[in-house]
Amino acid sequence: MGQPDLASNSLTSYADVFADIINMVVYGGKPVLLEQNLKPFYLNSAVEKDGRLKGLYRDNCMEDIQNGIRYVIWGLENQYVPDRTTPFKSMGYTYTAYDRQIEEFMKQNKETHNSAYVSQLHPDQKLVPVITLVLYYGKEDIPEDICSMIRMPEDEAVQKYIQNYSLNLIRLRDLSQKQAEAFRSDFSCIAKFLSKSYTKSEQIEALKTDRQMLTHAQDTLYTLAAVTGDQQYLQIYEKYKHRGGMEVSEVAEALYQWGREDSRAELAQKDATIAKMKLDNANAIAEKDSALMEQQAEIERLHAEIRMLKQAQGNK
């Protein structure tokens, strides 16, 4: 739904990843939706706004074809920021998918000279359901339906006619460990990284012991870089890309080692800073001691002069 999610859009466009996400969210991890049954369902369109055409672009949309028959149209939207217009955008995407189906039927009727005239569609021409899941990578709150974004009138008679549209919002950071581990595709790496149900040590251990090969390494690591803002993921990809693949554990180990190197560098910097502070303190103490010794010598000299004056006065 915007520029920051281009990496995750690319990752979730692969049929294996797309099916894996649907299977985890909808079917609890059971492999019900088969990647070989998925076919892209293109919906990009344009609407006029302020005298100009404005694009309406879905992140990813696929139709599930079973035995040559369209069963469900699935949509996946990647959302990084708490865009408060998301429910309205999702509603627009859903309408566009239904409208596309209506156009297909009407085109078919025209080509077969079987027009439905005023009714537009024949009674047996049924649309398939359109289901959109919004994958939310952010931490902040986000509206989950359009009514939460509407200034509701006080009149209850009016309220009951206001139709709502709710998001199928998947808060990735709220996934349980069981849910995060239910993913079978490269998206499992994203889920395990984002899930708050892991402690930091559990998260590192889960990733370091994961022997799964990343099928779409570039898009997975670019997505992690987009989520974290950490460019080290891009460096990991450059390091391993010549091999044509890498394990999740290798990604975690590389990050762990870099973290240790950063920690060692940070400790070395702290040690250098402490050593400098000690040296500066020692120099300051030495300067103070020298100044005190000079003051003491001056005091002793003055005492000596006073004794000499007293002695001279006594001789007179």
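Contact is taken here to mean heavy atoms within 4.5 Å. The structure is a predicted model, in which local features need pLDDT of at least 70 and side-chain atom pairs count only at pLDDT 80 or more, while totals for chains, interfaces and linings use all residues. Residues are numbered from 1 along each chain as its sequence is written, and side-chain values use heavy atoms, with hydrogens and water left out.

The predictor's confidence in each residue is given as pLDDT, from 0 to 100. For the protein chain the mean pLDDT is 84, and 70 or more is reached by 85% of the residues. Residues 260-268 have a pLDDT below 50, and this stretch has one contact in the model beyond near neighbours in sequence.

The secondary structure comprises 10 helices and seven strands, assigned as DSSP runs (helices H or I, at least four residues; strands E, at least two) and numbered from the N terminus. Of the 316 residues in the protein chain, 37% are buried; buried means under 20% relative accessible area, exposed over 50%, and partly exposed in between (1.4 Å probe, protein chains only). Among contacts with a separation of 6 or more, 62% are between residues 24 or more positions apart.

Helix 2 spans residues 15-27, and its buried residues are D16, V17, F18, A19, D20, I21, I22, N23 and M24. The helix is followed by G28, which has a positive phi, near 65 degrees. S185 lies in the loop between helix 5 (177-180) and helix 6 (187-194). This serine is buried, with a relative accessible area of 7%. Apart from neighbours within four places in sequence, S185 contacts D16, V17, D20 and Q212. In helix 6, the buried residues are F187, S188, C189, I190, A191, K192 and L194. Seven of the eight residues of helix 6 are thus buried, so the helix is largely enclosed by the rest of the structure.

N60 lies in strand 4 (residues 60-66) and is buried, at 8% relative accessible area. Its side chain is joined to that of T12 by a polar contact of 2.8 Å. Such a contact is a pair of N or O atoms within 3.5 Å; within protein, one must be able to donate a hydrogen and the other to accept it, and residues adjacent in sequence count only if both atoms are side-chain atoms.

Y222 belongs to helix 8 (residues 217-228) and Y237 to helix 9 (residues 232-240), so the pair ties together parts that are 15 residues apart in sequence. Y222 is partly exposed, at 31% relative accessibility, whereas Y237 is buried, at 15%.
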